[in-house]
Amino acid sequence: MAKKRPQTRATRPQLTDGEIPVVGAREPCPCGSGRRYKACHGRAAAHAVTELVHRPFEGLPGECDWVALRELVPAATVELPLKDGLPEDVPSVTLATVLPMAWPALRRDDGSVLLGLQNDTASGDISRDLADTLQRALTAPPGTPVQARRAPADGPRLQDLLDAEGTFEPVVHSGFEFWIPDTENATPEVTASLERANAAAIPTVKLAGVDAAYWCETPEKNHLRWVMPHPEEQLLDALARLHAAGRSGLGEGTRLVGSFRAHGLTVPVWDLPTGVGADDVEKPAAEFAERLAAALSSDAPLTAEERRARGGLTNRQVTLS
């Protein structure tokens, strides 16, 4: 009887952590361990995906406006300067609050890129998800949308791609006509999406005299929503001082009613009478900014009345993200 030959296994190439791609959670891990990806190298990726970044736009020019456009403003666009400049075949990159069909991004026929901000993201870091979408849009074929996906856990963030010295100047629109350069040739699906979006958009205006303050009109009353960069506890103390002193309003019939908490920043909200427009609150908002600066500089303990005012403001705080 012939002697059996010893069996040998082919050796699999060993990959370093940096070479292991992202695959489906239930697929074999590309490292060659024989385990599923989710039980092997996918563990770290899953942790990075679920870990929440509380201030995803921190360090970007216009952080407060990024938060406003993400959570409060229906229709707006901003030109985005890239750190390394635009590729030769990309004439512009524009951030948009919403894109047709809720696309994450769109490479237009002329090569320009639209990046959508108000989309669901796969991880706890909006900045990383948007950066991944932007990178893919820059190389997408002209005339195609970019689909959503899970961003690599070690991928760049917006802070790595955008020019930190650039400006961030939102342009607020009354509707979403900026979606379609040529409305006559738009598909029926895009036209229907445009009509639905325009019907749902709340009239909104960005104030010119102060940063990141947005007036909006609703059927019942108007509002001013103002994204502020100050630390939350310090800001609430300052607002409480002004509220207790009867100096937190923006004119007759206006009232500070509470605040939102969004992406690590605080957004005080005022109710305004129906007839009060954006132009009417420009001067009162500038005057309030001066009063707030003085209140922020105080380190005196809150009085009993100020503590009650602070408790009321805290109780009326709503977390958006």
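In this predicted model, the buried residues of helix α8 are Glu306, Ala309, Arg310, Gly312 and Leu313. Seen down the axis of α8, these buried residues fall within an arc of 160°, so they line one face of the helix. The other side of α8 carries Arg307, Arg308 and Asn315, which are exposed. Several elements cover the buried residues of α8. Among them are α6 (232-244), β10 (255-262) and β12 (317-319).

Helix α8 itself spans residues 304-315 and has twelve residues. From its first C-alpha to its last, α8 reaches 17 Å. This is close to the 16 Å expected at 1.5 Å a residue.

Glutamate 305 also lies in helix α8. Its relative accessible area is 44%. In sequence, glutamate 305 and alanine 244 are 61 residues apart. In space, C-alpha to C-alpha, they are 6.2 Å apart.

Two packed helices are described by the angle between their axes and the distance between the axes. The crossing of α6 and α7 is right-handed. On the α6 side, the residues that meet α7 are Gln234, Leu235, Ala238, Leu239, Arg241 and Leu242. On the α7 side, the residues that meet α6 are Phe288, Arg291, Leu292, Ala295 and Leu296.

Alanine 212 has a positive phi of about 55°, although it is not a glycine. Alanine 212 lies in the loop between β7 (204-206) and β8 (213-217). Its relative accessibility is 0%, so alanine 212 counts as buried.

Histidine 263 is not a glycine either, yet its phi is positive, at about 50°. Histidine 263 is found in the loop between β10 and β11 (265-272). At 5% relative accessibility, histidine 263 counts as buried, because buried means under 20% relative accessible area.

Conventions:
Residues numbered from 1 in each chain as written. Predicted model: local features only at pLDDT ≥ 70, side-chain atom pairs only at ≥ 80, totals over all residues. Heavy atoms only, no water. Helix = DSSP H or I, 4+ residues; strand = E, 2+ residues; numbered from the N terminus. Expected span 1.5 Å × (residues − 1). Buried < 20%, exposed > 50% of the residue type's maximum accessible area, 1.4 Å probe, protein only. Arc of directions from axis to C-beta. Contact = heavy atoms within 4.5 Å. Left-handed = near helix turned anticlockwise from the far one by under 90°.
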